[in-house]
Amino acid sequence: MDKMCTDALPLTMSSPEKQETICIFGTGDFGRSLGLKMLQSGYSVVFGSRNPRMSSLMTSGAEVLSYSEAAQRSDIIILAIHREHYDFLRELTEVLNGKILVDVSNNVKINQYPESNAEYLARLMPGAHVVKAFNTISAWALQSGALDASRQVFVCGNDSRAKQRVMDVVRNLGLTPLDQGSLLAAKEIENYPLQLFPMWRFPFYLSAALCIFFFFYCVIREVIYPYVYEKEDHTFRLAISILNRMCPITALTLLALVYLPGVIAAILQLYHGTKYRRFPSWLDHWMLCRKQLGLIALGFAFLHVLYTLVIPMRYYVRWRSRNITVIQVMTKKENPFSTSSAWLSDSYISLGILGFFLFVLLGITSLPSVSNMVTWREFRFVQSKLGYLTLILCTAHTLVYGGKRFLSPSVLRWCLPSAYILALIIPCTVLVVKFILILPCIDKTLMRIRQGWERNTDFSKSAVNGKSDI
Amino acid sequence: MDKMCTDALPLTMSSPEKQETICIFGTGDFGRSLGLKMLQSGYSVVFGSRNPRMSSLMTSGAEVLSYSEAAQRSDIIILAIHREHYDFLRELTEVLNGKILVDVSNNVKINQYPESNAEYLARLMPGAHVVKAFNTISAWALQSGALDASRQVFVCGNDSRAKQRVMDVVRNLGLTPLDQGSLLAAKEIENYPLQLFPMWRFPFYLSAALCIFFFFYCVIREVIYPYVYEKEDHTFRLAISILNRMCPITALTLLALVYLPGVIAAILQLYHGTKYRRFPSWLDHWMLCRKQLGLIALGFAFLHVLYTLVIPMRYYVRWRSRNITVIQVMTKKENPFSTSSAWLSDSYISLGILGFFLFVLLGITSLPSVSNMVTWREFRFVQSKLGYLTLILCTAHTLVYGGKRFLSPSVLRWCLPSAYILALIIPCTVLVVKFILILPCIDKTLMRIRQGWERNTDFSKSAVNGKSDI
Amino acid sequence: MDKMCTDALPLTMSSPEKQETICIFGTGDFGRSLGLKMLQSGYSVVFGSRNPRMSSLMTSGAEVLSYSEAAQRSDIIILAIHREHYDFLRELTEVLNGKILVDVSNNVKINQYPESNAEYLARLMPGAHVVKAFNTISAWALQSGALDASRQVFVCGNDSRAKQRVMDVVRNLGLTPLDQGSLLAAKEIENYPLQLFPMWRFPFYLSAALCIFFFFYCVIREVIYPYVYEKEDHTFRLAISILNRMCPITALTLLALVYLPGVIAAILQLYHGTKYRRFPSWLDHWMLCRKQLGLIALGFAFLHVLYTLVIPMRYYVRWRSRNITVIQVMTKKENPFSTSSAWLSDSYISLGILGFFLFVLLGITSLPSVSNMVTWREFRFVQSKLGYLTLILCTAHTLVYGGKRFLSPSVLRWCLPSAYILALIIPCTVLVVKFILILPCIDKTLMRIRQGWERNTDFSKSAVNGKSDI
């Protein structure tokens with residue numbers, strides 16, 4: 001399913017029209033990898049080094065000269081040097097005047113310096129055209145040709161001609177340049193390769209906390225309680241039973257947390273009577289994390305499905321089922337068929353299957369390539385209509401699972417209700433509030449607010465705007 | 001898995017080289033959201049309004065002036081006004097002469113007016129350069145920054161310089177401009193955000209009709225029939241058993257319907273002796289819907305798999321299995337192992353698993369990002385060879401499921417055969433006809449027709465063409 | 001989920017600004033399809049043919065002239081002619097001078113001629129600007145509009161103005177032009193549509209070989225052995241039991257083979273003391289195939305999951321379980337609950353589920369659209385950290401499955417150990433070597449080598465480079 005490697009071949013072979021020379025300052029790992037890649041792409045490469053005579057290091061085909069000699073050979077100078085050593089460039093101010101300096105540096109920490117490396121370089125060399133590029137590409141990827149992850153090279157710079165030249169080089173190397181505007185963007189570009197799933201951090205910690213809480217809650221109720229009161233060893237439940245309680249509860253709670261911020265936002269809009277007041281920042285952040293929360297919830301739902309489907313294969317379940325049969329035979333009791341039990345068991349399972357099916361559908365539509373292909377109307381239809389239907393089905397699945405035992409006092413252990421009752425709190429709240437919000441009278445007000453109407457401004461004015469403007 | 005939000009940041013910060021001023025007519029919701037986004041992206045924004053003194057409405061940073069004053073401040077004027085109010089622009093003809101007018105309007109219905117809004121505007125203001133853009137972006141998306149769905153902005157216009165200017169603005173806002181050509185495309189662009197899965201409509205209705213038919217067919221046979229004749233309450237079957245009969249039957253029928261139009265097309269081509277006669281339009285439409293039909297079939301197959309895997313967990317199944325054991329013990333009858341039953345049961349299951357596996361593979365290759373990476377030869381290999389293999393496996397799965405009971409008269413209830421027999425009609429027809437079509441003699445003729453040969457034109461001419469041309 | 005067809009509509013309608021004329025030499029299938037598409041996109045089309053009077057062939061709207069007449073009508077001439085007939089162009093040298101010749105030809109075999117068709121054409125017509133394009137698009141796709149697979153048109157040529165003109169035409173037809181550089185790339189472009197999953201070939205053959213080996217290994221142990229010694233007919237095991245042994249073993253072996261080349265590479269780097277010595281080519285090729293190996297392993301794991309989940313539904317399993325119960329009742333033996341068995345059974349299943357879950361996660365992140373959105377750091381985190389965790393979990397799953405029977409002599413049949421023991425050899429080797437490699441002392445050396453340090457060069461020099469260069 002992947003042609004990347006073979007795709008790269010024609011690109012690698014496509015040589016720039018006349019053999020252009022590119023100068024690289026610094027013979028470290030990244031400098032050498034980049035130089036090799038450029039040689040392969042048909043460029044002629046010259047390295048600038050403090051000790052130009054140690055050319056044994058170099059891959060054949062590239063010259064190693066002193067900094068100033070190397071700089072004279074090319075318009076484009078790539079600085080494969082750490083920011084801390086930019087100072088030495090002061091000596092080369094004259095040679096570098098009017099040249100394109102490409103800053104490829106990265107930092108060790110996010111926001112390590114108040115000023116981005118590229119802006120610092122531009123301040124240091126005001127006569128040169130500084131362009132930020134290549135910092136998101138790894139030396140290893142360049143060398144091995146295995147560009148499985150992103151081939152995107154973010155490029156920014158104040159001089160558009162210089163930027164264009166660098167973007168052409170990027171394209172000739174078989175990479176995808178992305179123009180990010182002026183050097184102001186350099187800070188973001190330098191932070192980019194340092195980040196590790198920033199949008200996933202909050203959802204991850206939240207779901208981990210929920211997991212741990214529900215895990216220990218179930219351990220107390222189902223392992224420690226029977227051990228204390230009945231001296232029974234139920235530790236084997238840790239491996240599947242407890243996990244299969246923790247997963248669906250976490251999944252349902254996370255799914256409800258996907259829809260809770262929307263409901264809170266609607267209440268805030270109704271309360272303030274306008275949509276132009278900014279939400280508190282925690283709500284903004286929460287709303288931006290909804291997709292990630294939903295996908296983690298889908299992961300737990302998937303685990304729940306797997307853990308549920310293996311139930312009939314478990315030793316404990318087979319042992320118990322056999323014993324029940326044996327006892328039935330021994331005691332010669334009859335086992336009448338209960339239609340209501342069949343209904344409860346089947347509808348509980350069926351609701352779960354349908355809920356999971358819609359959940360998987362939601363997950364597929366959130367794949368970047370799929371969501372790129374739908375219009376806004378379609379995206380909102382899927383994410384809002386189908387999303388709420390999923391929440392309703394999954395909540396109903398849990399409610400029917402409870403069935404007759406629901407809130408009966410006999411299930412309390414140390415005053416702790418069954419875990420699935422906790423799982424129902426947030427989803428039911430969200431669904432009830434949402435139900436109130438879509439009552440015609442409230443929905444109408446909310447709709448008008450979302451179309452720009454404001455309660456506190458005088459009505460005639462809004463009417464004027466409302467009529468003619470979009 | 002999503003960097004969109006963080007990606008947006010550098011783009012947001014990238015300011016246009018000199019602070020450009022953009023004028024927005026209309027202070028409605030969309031106008032304000034767009035203005036705010038432009039301010040954030042470094043533009044200077046001026047609003048044109050009927051009542052310019054009511055500037056309290058505006059987000060800080062933007063001026064509100066009268067229409068003509070505002071228009072004089074910028075080359076680009078964005079019309080955030082409903083089409084019904086375009087008339088007032090006549091008064092501004094002089095001011096707007098030579099300016100770029102950006103039409104962002106949408107209609108309420110598809111094809112609401114015979115002429116697109118942008119073309120109407122161009123007729124109204126012949127001296128201005130009308131560009132259609134931004135209509136596919138929602139105000140809410142602009143405001144929240146949560147551009148999860150498409151960031152694509154379709155742009156069209158007759159003046160290529162004006163179009164280029166607008167596309168630069170789009171790019172600076174962090175969106176992706178897509179050049180759609182001249183203003184003739186405006187109608188399509190205006191209809192685009194109104195559509196709701198147009199390619200899915202026919203497959204959806206078709207599968208819904210099939211679902212409902214098979215559902216009631218099974219209800220009659222398996223719930224009403226035993227109730228009438230044996231007074232047994234089988235309603236609990238509705239929740240899982242009936243659904244698990246409906247899903248595979250619908251899936252198999254839909255899968256066969258994916259391959260049926262190809263077979264019909266081949267027969268038509270053979271019949272007419274040419275590939276240059278157009279197919280009837282229903283066949284064309286059907287062929288374009290095949291991917292959607294296949295994906296819906298995959299959805300039903302997925303549900304069938306889930307409904308099947310939960311069988312051993314159902315109350316009814318456990319109850320029956322226990323009773324059978326008890327009866328076996330009571331009656332002391334032996335239960336000899338039947339190798340043929342084991343073979344039938346295992347091969348039926350195994351065929352289903354392999355069929356489903358290939359079906360999932362087909363589904364994955366139809367993901368846009370995956371199908372974008374394969375060549376035509378590979379795509380056809382997967383969709384045609386693997387597709388037919390899937391159909392064969394799934395049909396065989398159903399045939400073996402029938403096993404010995406197949407067409408035995410005892411399964412007729414009210415003259416209705418088992419539902420799975422209905423499911424086999426279309427797949428078997430498709431497979432038989434396809435088998436005939438790939439017989440060497442017919443396949444050869446068909447191949448020649450598909451390479452441009454025609455039966456009715458005189459042969460010598462075709463030979464000339466066939467030899468030298470592609 | 002797919003808007004392609006509707007997307008195409010505005011593009012189809014967008015006409016080039018003035019009605020440009022394009023000439024097509026050759027009235028074969030591809031020429032006619034391309035001509036029709038161009039007519040639909042607003043171009044005026046003229047065909048060049050040997051027998052121009054046979055215009056009945058043509059779709060209405062296009063003229064058919066002699067070659068030289070047709071060529072005079074347009075700057076751009078598309079050659080829909082087989083390479084073998086390029087000779088006749090010599091007669092037209094004068095007419096074609098300075099024109100853009102678009103070579104759309106494909107060959108029948110990869111590397112059929114030593115020189116690409118486009119380069120041959122350029123040599124033949126030195127006065128014309130030869131551009132390679134359109135060869136990756138199928139005639140059928142152009143005609144039906146069902147461009148489900150790639151819309152990418154690779155374009156290359158030595159004259160950048162000519163290339164630009166052709167790319168504009170491509171864009172106007174609703175296709176995506178991709179500039180591949182100079183005519184040197186033509187060979188690759190011509191080979192591209194002929195290839196059938198080249199990166200998948202080695203992984204496919206390898207996994208097929210593993211499959212067949214493990215299949216027959218299990219057949220010998222579990223079907224032939226009991227038949228020879230106990231005269232029992234176990235052939236029904238072929239349908240599910242044997243497949244469900246073959247799948248997990250192949251999956252685990254392939255998964256280990258994904259991580260083995262990385263381990264070998266690390267050992268080679270440690271041995272040579274440098275990262276700049278090239279790996280043997282088999283290792284390079286193996287490393288580029290890792291993604292494909294992993295995805296095939298995921299496929300087998302998926303089959304294993306399905307084959308495992310259907311176990312309780314199988315006739316043989318139900319028959320045996322019933323018999324065990326009956327015997328328990330008959331003999332009145334008690335069946336005490338064994339906590340250790342419950343632990344073994346549950347933890348074995350649980351490890352498998354978690355391993356499969358992570359495996360699916362790895363598979364999703366290798367989707368092109370997802371892996372395009374992650375940074376290098378994130379990609380390596382997922383593929384390396386999560387990948388090894390998956391391998392550990394799956395290996396542990398297999399180890400616990402063995403449980404008490406592991407290596408007990410009673411399971412040997414004809415000196416053959418259980419198949420799962422074979423499955424453990426490579427994974428355990430990889431994990432043990434990897435564990436040694438991440439011991440602090442070795443890891444530190446390896447890290448320095450990967451950052452460019454070399455053991456055999458004198459240290460002071462490396463220190464200089466190491467300090468200042470990236």
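Is C:Arg380 buried or exposed? C:Arg380 is exposed, at a relative accessible area of 56%. Exposed means over 50%, buried under 20%, and partly exposed in between, with a 1.4 Å probe and protein chains only.

This is a predicted model, in which local features need pLDDT of at least 70, side-chain atom pairs count only at pLDDT 80 or more, and totals for chains, interfaces and linings use all residues. Residues are numbered from 1 along each chain as its sequence is written, chains are lettered from A and ligands numbered from 1 in the order in which they are written, and side-chain values use heavy atoms, without hydrogens and water.

**View 1. A patch of positive charge lies on the surface.** Its members are A:Arg201, C:Arg377, C:Arg380, C:Lys385 and C:Arg450. Patch residues have over 30% relative accessible area and no salt bridge, and like charges are joined within 9 Å. Lys and Arg count as positive. Each charge is placed at NZ of Lys or CZ of Arg. Helix H16 of chain C, residues 376-402, gives the most, with 3 residues. C:Arg380 is found in this helix. Helices are DSSP runs (H or I) of at least four residues and strands (E) of at least two, numbered from the N terminus.

**View 2. A:Lys132 and A:Glu190 form a salt bridge.** The N to O distance is 2.8 Å. The pair links distant parts of the chain, 58 residues apart: A:Lys132 in strand E6 (residues 129-132) and A:Glu190 in helix H8 (residues 186-191) of chain A. A salt bridge puts a side-chain nitrogen of Lys or Arg within 4 Å of a carboxyl oxygen of Asp or Glu. A:Lys132 is buried, at 0% relative accessibility. A:Glu190 is buried too, at 2%. Over all chains, the whole structure holds 27 salt bridges.

**View 3. B:Arg165 and B:Asp75 form a salt bridge.** Their closest N and O atoms are 3.6 Å apart. The two residues sit 90 residues apart and link distant parts of the chain: B:Arg165 in helix H7 (residues 160-172), B:Asp75 in the loop between helix H3 (67-72) and strand E4 (76-79) of chain B. B:Arg165 is partly exposed, at 23% relative accessibility. B:Asp75 is partly exposed as well, at 43%.

**View 4. B:Glu190 and B:Lys132 meet in a salt bridge.** The N to O distance is 2.8 Å. Helix H8 (residues 186-191) of chain B holds B:Glu190, and strand E6 (residues 129-132) holds B:Lys132. Both residues, B:Glu190 and B:Lys132, are buried.

Conventions:
Patches are made of residues with over 30% relative accessible area and no salt bridge: like charges are joined within 9 Å, nonpolar side chains (Val, Leu, Ile, Met, Phe, Trp, Tyr) within 5 Å. Accessible areas come from the Shrake-Rupley method with a 1.4 Å probe; for residues, only the protein chains shown count as cover.
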